[in-house]
Amino acid sequence: MSLNWREIELITSELPFVGSSLQSVVQHDFHSLSWFFYHPSLGRWTLYTELGTPYSRLHMETHPVAVQQMGKTAKLQRFIQFCRANLEGSQVVSVEQVPFDRLLTLHLDNHGRKLHLYFRFYSGPGANIIITDEQDIILDLLYRRPKRDEKSGALLMPPEAKEDDGGKFIVRERKESSFNRQIEEEYGQASNTQTLEELVLKISRKRDRELQSLEATANSHKRMMLESGKFSHFKKMGDLLSANAHLLKQKGTSLEVDDWESGEKLLIPLDPKLQPTQQIAHYYERYQKAKGSFENARTEYDKAMLELEGTRQKYERLLTPSANDKNDIRALKRELGTETVDKVTKVNSPGLTIQSGQYTLLVGRNAKENDELLRHWAKGNDYWMHTRDCPGGYVFIKFLKNKSVPLEVLLDAANLALVFSKAKHQGKADLYYTQVKHLRKPKGGKMGLVLPTQEKNLSVVLDDSRLARLLLEDDDA
């Protein structure tokens, strides 16, 4: 609950405003600031103000306020810069509270320049901090509200006179000799409780998103293991063809042989385009390829399961309350801070621009977009990904300094490359990726055609839920 006018009046009476000089101002977030004063007799003291929240208040600050990582915003930068340039060094000449109102005014003298600093501890859009000149022309304000004609250059209109409430508003029960200290303790605890609840909710949502994504990754690798897990079948076909090589004929489409395991006849499909001797090698190649895909999928599946379990344990530790709420709040804020680090601004590139965690993916959907992205948007350290032996779009993963591309981002890029390729209807594909600086353009090659070197391989099964998330986010951006 916000302070009423009587409580503001009592707090103000305890504060040594008159004669104090404003030394500096710190803005913690969009609603709260600390004002650092110096009084010739009492020394340094700090005023804390918070407006526009359920805990709007002012009081002397005895406990340091942690600066929240709110990110750089025009609102925060603009107001604090104005205060530092125009208010610091000012002396408080007088302090005035409008009768029966939550409007407090500090009259300042900045080396002969008269300024008024208004604090409106109202609820809703009325809350504000406004700085005016001697004629009450607004110089700057915390919240710009053009619909109320509260903007730089406008005349600040005086508030309507209020009548005595007849004792409706009273000062809460006193618990300490200093009402300032009492308010600081009461509101600090209440604010911490609300902050902790909000942070727990945000972290829980973040946990659910991460676990869902990791489970989808693990399931994708599991499906690939099932798809490629029958690699021994190809070896058996190759062995049977090798044992019956004398029966192979030119342009044959199949060969019936005796299955030494079942004792029955087995019909082996053949490729009529291949020579008889190539039929055997073809099955052994399919065996090696499927075996490699299986082993790669199994390795990545094991990694994904380890990461999934590690993530579960991390959030279990984070969300298990300790005996110290302040430590819990700091830990949760640190975890949430990782969501906004290195956030990349979306660019208007050809094709699609999609965000995958901290990484930006540029997606070409045809030869023209591929070529445009390659020529004008991709840099040497960016990663390029494409379906192997199949026409399709290029996906570029924009480089982030001192960071290696995580598996989740590679899988996002791979699914996008697959869905914008001719292999889309097969539901799976082999892809390769390398840095752009390892691509070379063949002489006289078609538009967008490149030859990769130092490439790495990746097999992927189309993940509809992953694609829905990526493409939906792009639509909403």
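Reader: What is the handedness of the crossing of H4 and H5?

Author: This is a predicted model. In it, the axes of helix H4 (residues 231-243) and helix H5 (residues 276-318) come within 8 Å. The crossing of H4 and H5 is left-handed.

Reader: Which is the relative direction of H4 and H5, roughly parallel or roughly antiparallel?

Author: The axes of H4 and H5 cross at roughly 165°. Angles over 145 degrees count as roughly antiparallel. Therefore the direction of H4 relative to H5 is roughly antiparallel.

Reader: How many residues of the contact of H4 with H5 are nonpolar?

Author: From H4, the residues that meet H5 include Phe231, Phe234, Met237 and Leu241. From H5, the residues that meet H4 include Ile280, Tyr283, Tyr284, Tyr287, Ala290 and Phe294. Four residues of the contact are polar and four are charged, and the number of nonpolar ones is ten.

Reader: Which residues does Leu87 touch, not counting residues up to four places away in sequence?

Author: Leu87 is among the members of the largest nonpolar core that touch the most others. Leaving out residues up to four places away in sequence, Leu87 touches Leu22, Trp35, Phe82, Leu108, Asn110, Leu115, Leu117 and Ile131.

Reader: How many residues are in the second, separate core?

Author: Ile354, Ala413, Ala429 and Tyr433 are included in this second core. It is separate, and its number of residues is 28.

Reader: Is Pro16 buried or exposed?

Author: Pro16 lies in the loop between helix H1 (5-14) and strand E1 (21-27). Not counting residues up to four places away in sequence, Pro16 touches His39, Leu42, Trp45 and Met60. Because its relative accessibility is 14%, Pro16 counts as buried.

Reader: What separates the C-alpha atoms of Pro16 and Tyr38?

Author: Pro16 and Tyr38 are 22 residues apart along the chain. Their C-alpha atoms are separated by 9.5 Å.

Reader: What is the phi of Asp136?

Author: Asp136 lies in the loop between strand E8 (128-132) and strand E9 (138-141). Although Asp136 is not a glycine, its phi is positive, at about 65°.

Reader: Is Gln454 buried or exposed?

Author: Gln454 lies in the loop between strand E18 (451-452) and strand E19 (456-461). Gln454 has a positive phi of about 55°, although it is not a glycine. With a relative accessible area of 59%, Gln454 is exposed.

Note on methods: Residues are numbered from 1 along each chain as its sequence is written. This is a predicted model: local features need pLDDT of at least 70, side-chain atom pairs count only at pLDDT 80 or more; totals for chains, interfaces and linings use all residues. Side-chain values use heavy atoms; hydrogens and water are left out. A nonpolar core is a set of buried Ala, Val, Leu, Ile, Met, Phe, Trp, Tyr and Cys residues joined through side-chain atoms within 4.5 Å. Buried means under 20% relative accessible area, exposed over 50%, partly exposed in between (1.4 Å probe, protein chains only). Contact means heavy atoms within 4.5 Å. Axes are lines fitted to C-alpha atoms, for helices over the stretch in contact, and angles run from 0 to 180 degrees between N-to-C directions. Helices (H or I, at least four residues) and strands (E, at least two) are DSSP runs, numbered from the N terminus. Angles under 35 degrees count as roughly parallel, over 145 as roughly antiparallel, 65 to 115 as roughly perpendicular and the rest as oblique. A crossing is left-handed if the near helix is turned anticlockwise from the far one by less than a right angle, and right-handed if clockwise. Ala, Val, Leu, Ile, Met, Phe, Trp, Tyr, Cys and Pro count as nonpolar, Asp, Glu, Lys and Arg as charged, and the others, Gly among them, as polar.
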